[in-house]
Amino acid sequence: MTLRDILDKLLRRQPASANTARERLQLVLAHDRSDLSPELLDQMRREIFEVVARYVEIDLDEGDVSLETEDRVTALVANLPIRRPLAVASGATGDE
Amino acid sequence: MAPTSRTILICSGKGGVGKTTLTANLGIALARLGLRTVVLDADFGLRNLDLLLGLENRIVFTAQEVLAESCRLEQALVKHKQEPNLALLPAGNPRMLEWLKPEDMKTIAGMLEEQFDYVLIDCPAGIEDGFKNAVAAAKEAIVITTPEVSAVRDADRVIGLLNTHGVKPVQLVLNRVRPKMMANQEMLAVDDVTDILALPLLGLVLEDEQVIVSTNRGEPLTLNGSKSPAARAYGNVARRLQGEEVALIDPSKEGRGLRAKVRRLMQKKIF
């Protein structure tokens, strides 16, 4: 937090635009670099959820599948909090 | 081939960010360091390099006639009067685009490499055929961009294509930096751009009205030893290309007055 951030808050001014620019760029570049449109990413996200949901019960509200880029390498990052294993899934893995 | 000849593509993706200005100024700056330098205008559709160098009235033959073998290379090269180490190979007629192939650009670059230490190729904007032709001739590249989202995004596309074509090293010149706006965080920071594009920074050029004045005259800033900020920046790019260690300017230290001090105080992290 900088003095400027505090002033912005007090005066209810819009925050400086450089941060917005950086965040928008990072998002659009992740899509450009992977050649995935937001629609396709959304479809992939839904399908990944479906597959994972066959094995474990996941928290759909907390879960996220997104593209992240660092040093020109783009990664698909899935963060899917598991509530508890499904009965079917534990059956499928055999005796324990 | 000149034993140390370097062929460098100057490209940006987006138009209007300063490719041609950089090519002209860097060409002159390298020539002033005593290096035999040629600038090749690969923008056949919208050529302008001749105009920025003030050589537009001295063109007789172009790359087109050289390729058609209707003139010798020496006849097409336009030598700069004040800086004889610099020559221009002008772009041909826009109709050349109908038949020009990447191989043709390789041929031209090959001929130039025999005579010059530096071959600078002024690339057209965009990533279509004009770019593909130009990139075929390049060994290394300088990507120029401004701290704006559209320019950075387009630069990123171009960097991806340069990687695919095996061009390296690829270095970055950040143009039209406005220290005040950066200090107020109303412009992408230098680190933001270099982090996002993951390229080493070869040069940092401040926004400078003298660039427009010099363009009006057809006399690149580096030609007359101008002390303006952009002239110094272009000169530094030339020296860094030659392997000299020249420190980059720090935009946040550009202002010295009370205003700049207050601005820095406002940016200080307090918790």
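With which residue does B:Arg153 form a salt bridge? Good morning. The partner is A:Asp32, and the closest N and O atoms of the pair are 2.7 Å apart. The term salt bridge here denotes a side-chain nitrogen of Lys or Arg within 4 Å of a carboxyl oxygen of Asp or Glu. The pair crosses between chains, from helix H7 of chain B to helix H2 (residues 17–34) of chain A.

Some remarks on conventions are in order. This is a predicted model, in which local features need pLDDT of at least 70 and side-chain atom pairs count only at pLDDT 80 or more, while totals for chains, interfaces and linings use all residues. Residues are numbered from 1 along each chain as its sequence is written, chains are lettered from A and ligands numbered from 1 in the order in which they are written, and side-chain values use heavy atoms, with hydrogens and water left out. Helices (H or I, at least four residues) and strands (E, at least two) are DSSP runs, numbered from the N terminus.

Let us turn to the interface. Contact, meaning heavy atoms within 4.5 Å, links 24 residues of chain B with 20 residues of chain A. The two chains bury about 2,100 Å² between them, and 59% of that is on carbon and sulfur atoms. Buried area is the accessible area (1.4 Å probe) that two parts lose on being put together, summed over both. On the side of chain B, the residues that lose the most area to chain A are B:Arg153, B:Ile196 and B:Met266, together 27% of what that side buries.

Next, helix packing within chain B. Axes are lines fitted to C-alpha atoms, for helices over the stretch in contact, and angles run from 0 to 180 degrees between N-to-C directions. Helix H7 (residues 149–164) and helix H9 (residues 190–197) of chain B pack at about 30°, their axes 10 Å apart. H7(B) is therefore roughly parallel to H9(B). Angles under 35 degrees count as roughly parallel, over 145 as roughly antiparallel, 65 to 115 as roughly perpendicular and the rest as oblique. From H7(B), the contact uses B:Val152, B:Ala155, B:Asp156 and B:Ile159, and from H9(B) it uses B:Val193, B:Ile196 and B:Leu197.

A second pair is helix H1 (residues 19–32) and helix H11 (residues 229–241) of chain B, at an angle of about 60° with axes 9 Å apart. H1(B) is therefore oblique to H11(B). Among the residues making this contact are B:Leu22 and B:Leu26 of H1(B) and B:Tyr234 and B:Leu241 of H11(B).

Finally, two details of the backbone. Most residues other than glycine have a negative phi, and most peptide bonds are trans. Where is a cis peptide bond found? One joins B:Lys168 and B:Pro169, with omega about 5°. B:Pro169 is placed in the loop between H7 and strand E7 (170–177) of chain B. B:Glu69, in turn, has a phi near 60°, a positive value in a residue other than glycine. B:Glu69 lies in the loop between helix H3 (63–67) and helix H4 (73–76) of chain B.
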